[in-house]
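Biologist: Let us go through this model together. I will ask for the grounds behind each label.

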Amino acid sequence: MIGQRWARMSLSTRLVLVFVGTASVLWAGLLLWSLDSALRAGRAGLAAEMDAYARQVLVVARALSDRPESLAAVVREVQRIERIPSEGDLPGEQRFAIELRIAGQTVTGPPDGATEVAAWDAARDGLHTGADLPVGWWVYQAGDRQAGIELRLWIGAQDRASIQWPQAPAFFLPVLISLPLLMLPVWLMVRIGLRPLRAAAEQIRARVDSGSLEPLIGVVARDLDPMVAAVNALMARLSTRLARERELVADVAHELKTPLAIVRVNASLLHRAADADRAGQALTDLDHGLARADRLVQQLLRMAMLDREFDASAVVREFDLAEFLRQRVIQIEPLAARRAIDIIADMPDAVTCRQDADAIAAVFDNLVDNAIKYSPERSVIEIALVRSSDVGVRLTVADQGPGIPPAERDHMLERFTRLHDPLGKDPVDGSGLGLAIVSRALERMGGGAPTMADTAPGLRVTVEFPLMARSGGARQTI
C-alpha cells in the first residue's frame, strides 16, 4: 500500500518528503549529540565545581582536625545552608550532603538512606556516577593522605538533573520551531527547480496532441540534457520510421499494380478465350502474375520482420554455420539446375556460430537467388565462406552475370530497385527487395553493408558479420 502511494506521488511531493525525512534524521542525530555533549560538559563542570568545593572543606578539616566536635558543627551548618530549598525543589528533598572522616573516625555521615561507601581508596578520588551508588545520588571523593582525612560530597538528584540538561531547551526549541518553517522555502525551491521539467513535459504533451515529431527546444536545464537528447533521438527515429513506412506503402502499391494487372488481364482473357491454346497461354500468364505477387508478398513479410529492431520472435542459437549453408545450397540447387547453372561452394568443415539463423538465411538466399537470376545459362556461381577474424566470418557470392555499374551499387541497396537487362530494356523480373533485405539482415546481426566488386566476367558480393550475436531484443536459446 505504501509503495503504491509512493509510486503515485508527484515528483515535487517526493522531493519535499525526502528533504523532510533527511532533515528530521539529521536533526534527531544532532539533538542526541548535543544532549550527550551537554551531559559531558555538565559532568565536567560539576567535577570542577566539586573539586574546588572539596579543597575548601579540606582546608577547614585540616584546621579543625584536633577538634572533631567543632568541625562537625561547622559541617552541619554548611549542610543546613545547602539544604535550604530553592524554587522548584520538591518538599523534603535532600540536595547535598558532606561525609567526612578523620583518622578512620566519622565526623559526619552519608545522607539519609545511603549506605556508607567502602574504605577510602585514593584511586577512587573524583566524580562517581556508577550503579554501585544509591539511587538518586552522585558522589565526589577527595582526601588528604598525610592528614588522614577522607571526604565525600554527595550531590542529590535535583542538582544532577539541572547539570545534565542545561542546554536542551536552548537547542531543542529553535530547531523544533524552525523545521516546519523550512517547508515553505523548500517547496518553492522544488517548484522553481522542476520548472524546466514541466516545460519539457508540456512540449511533449503538445506534440502528442498535434502528432508532431519535432525535437524539443528551449529546455535549458543541464541535468535534463540526457533526457531531452534521448526524447529527440526517439522522435527522429520515429520520424524516419514513419517516412520509411509511407514510402513502403507507396512502393508496395506501385509494385503490386503490375502482377495484379497481369492477373486481371489474363482472367479476362480466360473468359473470352476462343480456343484451348489461348486459354492455356492465359493460364500460364495468370500463374506467372500470381507467382510474382506471391514472391513480392513473401519478400515484404521478410523485410517487415527484419525491420523490427527489437523483434522478440528472433531466435539466437548456436549451430554449425558451414553445415547450415551447405544445406541451403542443396535446397537452392534445383533452381539453378533449371538453367544449367553450377554452384561451387568452398566452406570449412565446421564453423561454430551463435546468431539469428533466419537472418543468415535471408542474406544467403537472396545473394544466391540474385546470382542465379542474373547469371546466363550454363554459367558458374562460386560461394566461399572464410573466417575474417577470430570473431567474424566473410561470405562471398560470385556470378558470371552482367554485374552492376559502380555508380548504381549504393542505389541497389534501396528497396524496390531492380537492375535493367544488358540491353537497357525493362528491369529483370523480381521484387527489387533482395539486396535491401541483405543489408537490413546484416545490420540486424551487427555486420557491415555488403560490398560489390567486378569479376571477369560478373559480380562478386561480399558480406561480413560476427559469429556471436550482439545483445538485443532477440530471445536466447541453447
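Modeller: Buried residues make up 37% of the 478 residues in the protein. This is a predicted model, where local features need pLDDT of at least 70 and side-chain atom pairs pLDDT 80 or more, while totals for chains, interfaces and linings use all residues. Residues are numbered from 1 along each chain as its sequence is written, and side-chain values use heavy atoms, without hydrogens and water.

Biologist: What makes Thr108 count as buried?

Modeller: Buried means under 20% relative accessible area, exposed over 50%, and partly exposed in between (1.4 Å probe, protein chains only). Thr108 has 5% relative accessibility, so Thr108 counts as buried. Thr108 lies in strand S2, residues 105–108. Helices (H or I, at least four residues) and strands (E, at least two) are DSSP runs, numbered from the N terminus. The protein has 12 helices and 13 strands.

Biologist: Which residues is Thr108 in contact with, leaving aside neighbours within four places in sequence?

Modeller: Ala72, Val75, Ile98, Glu99 and Leu100 are in contact with Thr108. Contact means heavy atoms within 4.5 Å. A polar atom of the Thr108 side chain also lies 2.8 Å from the backbone oxygen of Ile98.

Biologist: Why is Ala200 called buried?

Modeller: Its relative accessible area is 0%, so Ala200 is buried. Ala200 lies in helix H7. Not counting residues up to four places away in sequence, Ala200 touches Val219 and Met227. Ala200 and Ile217 are 17 residues apart in sequence and 8.3 Å apart in space, C-alpha to C-alpha.

Biologist: Why is H6 called oblique to H7?

Modeller: Helix H6 (residues 183–193) and helix H7 (residues 195–210) pack at an angle of about 40 degrees, with their axes 4 Å apart. That angle makes H6 oblique to H7. Angles under 35 degrees count as roughly parallel, over 145 as roughly antiparallel, 65 to 115 as roughly perpendicular and the rest as oblique. Axes are lines fitted to C-alpha atoms, for helices over the stretch in contact, and angles run from 0 to 180 degrees between N-to-C directions.

Biologist: What makes H11 roughly antiparallel to H12?

Modeller: The axes of H11 (residues 357–374) and H12 (residues 434–445) cross at roughly 150 degrees and come within 9 Å. That makes H11 roughly antiparallel to H12. Among the H11 residues that meet H12 are Ala359, Val363 and Asn370.

Biologist: Why does Ala340 count as partly exposed, and why is Arg378 called exposed?

Modeller: Ala340 has 38% relative accessibility, so Ala340 counts as partly exposed. Arg378 has a relative accessible area of 67%, so Arg378 is exposed. Ala340 lies in the loop between helix H10 (321–337) and strand S7 (342–346). Arg378 is in the loop between H11 and strand S9 (380–387).

Biologist: What is phi of Ala340, and what is phi of Arg378?

Modeller: Phi of Ala340 is near 60 degrees, a positive value in a residue other than glycine. Phi of Arg378 is near 60 degrees too. Most residues other than glycine have a negative phi.

Note on methods: A polar contact is a pair of N or O atoms within 3.5 Å; within protein, one must be able to donate a hydrogen and the other to accept it, and residues adjacent in sequence count only if both atoms are side-chain atoms.
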